[in-house]
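Thanks for asking me to look at this one.

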Amino acid sequence: MGEVTGLVVAVDGGGTKTDAVALTMDGQIVARRRGPGSSPHFEGLARSLAIVDALVREVSGGAPIGHVDLYLSGLDLPVEIDRYRAAVESLPWAQQGLVIDNDLFALLRSGTNEPDAVAVVCGSGVNAVGVRADGAAVRFPSLGPLSGDWGGGSGLGPEALWFAARDVDGRGEPTTLTAAICAALGVGSVAELIEQLHFGERDDADLYALAPVVFAEAAAGDAVARALVQRQADEVVAFVRAIVARLDLAALSFPIVLGGSILQGGHPMLDDRVAAGIAAIAPHARIVRPDAAPILGAAIAAGLHAGAPPDAIARLRREFARQRVAVMPRG
């Protein structure tokens with residue numbers, strides 16, 4: 001690409017929030033904004049595009065834009081990226097440099113600049129990506145059970161209810177999850193909750209909020225909850241195992257960036273099992289849990305794509321660190 005003139009804009013869009021930042025080619029942050037979730041999987045293409053467009057215009061403040069990187073949850077298949085690009089390219093700010101990809105790449109670059117790297121996210125769902133220095137990459141469809149995925153709130157919550165239902169009717173083993181689920185969702189019984197879900201009086205997504213309940217009951221010693229936590233850890237390790245094998249990384253030293261509310265939630269039972277599983281697969285790998293938001297990774301990737309020099313990327317990291325400290329609550 002030719003020399004970039006104008007601002008560089010980066011967007012990291014998830015299911016519940018979207019962050020945008022505008023920066024100069026020397027790594028100075030011009031503006032940062034946050035908006036609602038913009039995942040096309042949840043919002044639809046038109047709504048997602050409207051949210052992203054508004055944020056890009058807001059952070060640029062009307063100044064010329066020379067390059068834009070968009071990293072969005074829900075862009076899992078090549079055809080989804082192609083459709084989004086076709087829609088975006090009609091917008092005035094998309095006439096120069098434009099990169100569109102899954103938000104996992106923002107998470108990856110928030111934790112490392114290394115050319116060999118892996119990232120796994122586990123929040124409402126679960127997904128992973130791996131890259132190699134020669135440009136090879138591994139990614140997954142992340143379409144839920146259709147593509148072999150399990151985990152995150154969308155896996156743990158419904159599974160916890162499954163075990164609670166079997167506890168109540170006698171088909172399964174007793175579990176403290178039964179009472180904990182009722183308390184967390186404010187229902188009198190599991191039967192009442194099942195009825196509400198069956199008749200559409202409650203959204204299935206309400207079950208995603210049960211992930212903390214599973215971890216709490218596991219920590220308290222419930223055998224069913226502990227098995228779910230172990231299964232979640234094994235799913236994270238399975239992603240890493242597949243990526244390491246497909247990219248032939250087993251003998252290398254490389255970072256594995258872990259993100260999402262569950263993997264960054266500080267759950268010792270989960271963390272210890274994930275670490276042990278990774279060590280058995282790639283003994284020289286290093287686990288990284290970035291303390292910066294994925295929008296930093298999106299901004300770094302955008303800067304690199306626009307041709308920003310190394311000192312600009314270093315300045316960008318310092319600027320994010322300074323702004324993060326500045327807004328931390330005191331006391």
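1. A word on the ground rules. This is a predicted model, in which local features need pLDDT of at least 70 and side-chain atom pairs count only at pLDDT 80 or more, while totals for chains, interfaces and linings use all residues. Residues are numbered from 1 along each chain as its sequence is written, and side-chain values use heavy atoms, with hydrogens and water left out.

2. Let's begin with the rings. Rings of Phe, Tyr and Trp (its six-membered ring) pair if their centres lie within 6.5 Å; planes under 30 degrees apart count as stacked, over 60 as edge-to-face and the rest as tilted. The count by this rule is two aromatic pairs. In one of them, Phe140 and Phe239 have ring centres 4.9 Å apart and planes at 85°, so the pair is edge-to-face. Phe140 sits in the loop between strand 8 (137-139) and helix 5 (153-169), whereas Phe239 belongs to helix 9 (residues 223-247), so the contact ties together parts that are 99 residues apart in sequence. Helices (H or I, at least four residues) and strands (E, at least two) are DSSP runs, numbered from the N terminus. Both Phe140 and Phe239 are buried (under 20% relative accessible area; exposed is over 50% and partly exposed in between, with a 1.4 Å probe and protein chains only).

3. The pair of Trp162 and Phe163 is also edge-to-face, because the ring centres are 4.9 Å apart and the planes stand at 85°. Here Trp162 is partly exposed at 43% relative accessibility, and Phe163 is partly exposed at 23%.

4. Two arginines deserve a look. A charge sits over a ring if NZ of Lys or CZ of Arg is within 6 Å of the ring centre and within 35 degrees of the ring normal. Arg231 is placed over the face of Trp150, 3.8 Å from the ring centre. Phe140 comes up again here, with Arg246 over its face at 5.7 Å from the ring centre.

5. On a 1 Å grid over the protein atoms alone, a cavity is a set of points where a 1.4 Å probe fits but cannot get out, and a pocket is an open set with protein on both sides within 12 Å along at least five of seven lines; lining residues have an atom within 4 Å of a point. Grid points are joined across faces, edges and corners, and a volume is the space filled by probe spheres set on the points. The largest pocket holds about 1500 Å³. It is lined by 48 residues, of which Gly15, Ser73, Gly123, Ser124 and Gly125 are the closest to its centre. By class, this lining has 17 nonpolar, 24 polar and seven charged residues (Ala, Val, Leu, Ile, Met, Phe, Trp, Tyr, Cys and Pro count as nonpolar, Asp, Glu, Lys and Arg as charged, and the others, Gly among them, as polar).

6. The second largest pocket has a volume of about 320 Å³. Among its 16 lining residues, Phe105, Leu108, Arg109, Val131 and His305 are the closest to the centre. Strand 5 (97-102), helix 4 and helix 11 (294-306) each contribute at least two residues to that lining, which divides into 10 nonpolar, three polar and three charged residues.

7. What is the volume of the largest cavity? The answer is about 40 Å³, and the structure has one cavity of 30 Å³ or more. Its lining includes Phe105 and Phe140, and strand 7 gives the most, with three residues.

8. Ile81, Tyr84, Ala87 and Val88 are buried.

9. Finally, two backbone angles to check. Ser142 is not a glycine, yet has a positive phi of about 55°; this residue lies in the loop between strand 8 and helix 5 and is buried, at 19% relative accessible area. Asp248 also has a positive phi, near 55°. Asp248 is in the loop between helix 9 and strand 9 and is exposed, at 63%.
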